[in-house]
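Here are my notes, as promised, for reading alongside the model. Have the viewer open and go point by point.

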Amino acid sequence: MKDTGRLARKVEALYRDRTPGSRALWEESRGILPMGVSGAAKFYEPYPVALASGSGGHVTDVDGNDYVDLLMGAGSSLLGHSHPSVVAAVRDQIGRMATVLAPAPLEREFAERIRGLMPYLERLRFANTGSEAVRTALRAARAATGRMRYAKFEGNYHGSDDYFLLSSVSREVAGPPHRPKPVPDSAGIPDRIREETLLLPYNDVENAVSLISDNAPDLAAVVMEPVAFSSGGAVAADRHFAQAVRDVTAQKGIVLIFDEVVTGLRLGTAGAPGYLGVTPDLSCIGKAIGGGLPLSAVGGRADIMETVLGASAHARGTHIFHSGTFTGNPVSLAAGMAVLDVLEREPVLEHVDWLGDRLRATLQEVLDSHGRGHMTGFGSIFQLHFTEAPPRNRREILAGDLVMLASVLLGMCAHGILWPPVHPGVVAFAHTESDIDRIASCLETVLEMAS
């Protein structure tokens, strides 16, 4: 696998030959959509696959090609595409009422069901996206503590708001590994945001705790992904590391915020306390809770949520603004209720965890037979890395062969596995053991192309 350039040329030729309709649509789209897409995660070189339909664990592109889908809406489709229960719930709800800027019974009902599963969400509010939820959580922490600075971990992705677009998706790093410095992920980020943000090393107990302790008087919150998804490469936080962060934030009166937007429900209905053994002060959940429709929530300790959103918040001067035209949208809530119904009656999480374990083990065997590559992940989440050892943080990911990774994943797409080089992969309830075998066979084929 020494000639990465030759592999890149081979897989791109196969990819282009397989997807002429996707290419044509992309070229037409560039005339109205910058880069031909409506979001950064939808684009990858040389152009993205354009999808026409999805069913279960598979999708079909505009050329009629079938793919095993390992994107699943960045983890949103826990059950799979077009699950009958979700389709029926959405059809029923949209036929009665869609968007309303008013309370609806489903808001309370769904909130109570979520709290019944995740009791640490003592109070919660609904939003539409993970970005909105994390933004609101940070605002709540600042209002409740009266402090303005916050800390995040290098390589953790928390959405598209200015405050979180630092050292997430950028391939640049600054400062030594034990004392990282924020690097903007986008143009248009005010310089002052770097000054208000403390960057922490991920999965580094001693140095993370030291930095938090040294800056504690100014910190309103520490925000963390229990499993670093997106740019974090499906790298789980060590339990000892997570507990150490919990301990120091509790000691210093700093609000610990978990970004469970990807992991909420997917890694267990109990949330972070169940799969990580650590309870945050505030948490943000999303993606899977909406059954593939836009839905997120922010919640946690009742005292914090009431301090910033309760009846006496205005009098205290701690009231925060949280609203939105589509928050608590009945159609999304109906889809979410259907997901919870299926989780209650079918072994969804047991199946996806088993599939995830089998996929990682099977693909690692393929990689080992070629003498290169490592799988990371947790439960139904996974990613492939061409690094010297399984990476534990963003810097170790960036030190790997990213060109090889992009070529192999594009090669997977060229062979019918939708796992493009933009995201880690996930499995859904609708995936099967035969899908895992097909994925492993495709990986073997692509790696043989590189030899």
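1. A definition before anything else: two strands pair if DSSP finds at least two bridges between them. Helices (H or I, at least four residues) and strands (E, at least two) are DSSP runs, numbered from the N terminus. Remember that this is a predicted model, where local features need pLDDT of at least 70, side-chain atom pairs count only at pLDDT 80 or more, and totals for chains, interfaces and linings use all residues. Residues are numbered from 1 along each chain as its sequence is written, and side-chain values use heavy atoms, with hydrogens and water left out.

2. Let's start with the open sheet of 3 strands, which has the order 13-14-16 and antiparallel pairing. Strand 13 (374-378) and strand 16 (425-426) are at its edges with a single partner strand each, so one side of each has no neighbour in the sheet. Strand 14 (residues 381-385) is joined to strand 16 by 2 bridges, antiparallel, and there you'll find Ile381 opposite Val426. Helix 14 (residues 348-369) packs on this sheet and touches strand 13 and strand 14; contact here means heavy atoms within 4.5 Å. The direction of helix 14 makes about 170 degrees with that of strand 13. For such angles, axes are lines fitted to C-alpha atoms, for helices over the stretch in contact, and the angles run from 0 to 180 degrees between N-to-C directions.

3. Next, the open sheet of 4 strands: its order is 1-2-3-15, and the pairing is mixed. Strand 1 and strand 15 (417-418) are the edge strands, each pairing on one side only. Strand 1 runs antiparallel to strand 2 (residues 58-61), with 4 bridges between them, and Ser55 faces His58 of strand 2 across the pair. Helix 17 lies across strand 2, strand 3 (66-69) and strand 15, at about 105 degrees to strand 3.

4. Helix 17 (residues 433-450) also meets helix 1 (residues 4-18): their axes come within 8 Å and cross at roughly 130 degrees. That makes helix 1 oblique to helix 17 (under 35 degrees is roughly parallel, over 145 roughly antiparallel, 65 to 115 roughly perpendicular, and the rest oblique). Helix 1 brings Arg6, Leu7, Lys10, Val11 and Leu14 to the contact, while helix 17 brings Val446, Met449 and Ala450. By class, that is 6 nonpolar, no polar and 2 charged residues. Here Ala, Val, Leu, Ile, Met, Phe, Trp, Tyr, Cys and Pro count as nonpolar, Asp, Glu, Lys and Arg as charged, and the others, Gly among them, as polar.

5. Which strand has 6 of its 6 residues buried? Strand 7 (residues 219-224) does, so it is largely enclosed by the rest of the structure. Buried means under 20% relative accessible area, exposed over 50%, and partly exposed in between (1.4 Å probe, protein chains only). Strand 7 runs parallel to strand 5 (residues 149-153), with 4 bridges joining them, and Tyr150 sits opposite Ala221. Strand 7 also pairs with strand 10 (residues 255-260), again parallel and over 4 bridges; there, Val223 is opposite Ile257.

6. Now the aromatics. The structure holds 10 aromatic pairs, counted when rings of Phe, Tyr and Trp (its six-membered ring) have centres within 6.5 Å; planes under 30 degrees apart are stacked, over 60 edge-to-face, and the rest tilted. Trp26 and Tyr47 make a stacked pair, 6.1 Å centre to centre with 25 degrees between the planes. Trp26 is in helix 2 (residues 20-29) and Tyr47 in the loop between helix 2 and strand 1 (51-55), 21 residues apart, yet their C-alpha atoms are separated by 6.8 Å. Tyr15, Trp26, Phe43 and Tyr47 form one aromatic cluster. Tyr47 is buried, with a relative accessible area of 0%, and its contacts include Arg16, Thr19 and Ser22.

7. Finally, some backbone spots to check. A cis peptide bond, omega about 0 degrees, joins Glu45 and Pro46, and Pro46 is in the loop between helix 2 and strand 1. Ser167, in the loop between strand 5 and helix 7 (191-195), has a positive phi near 50 degrees despite not being glycine; Ser167 is buried at 4% relative accessible area. Ala234 has a positive phi too, near 60 degrees. Ala234 lies in the loop between strand 8 (227-228) and strand 9 (235-236) and is buried, at 0%.

Technical notes. Lists of a residue's contacts leave out its neighbours within four places in sequence.
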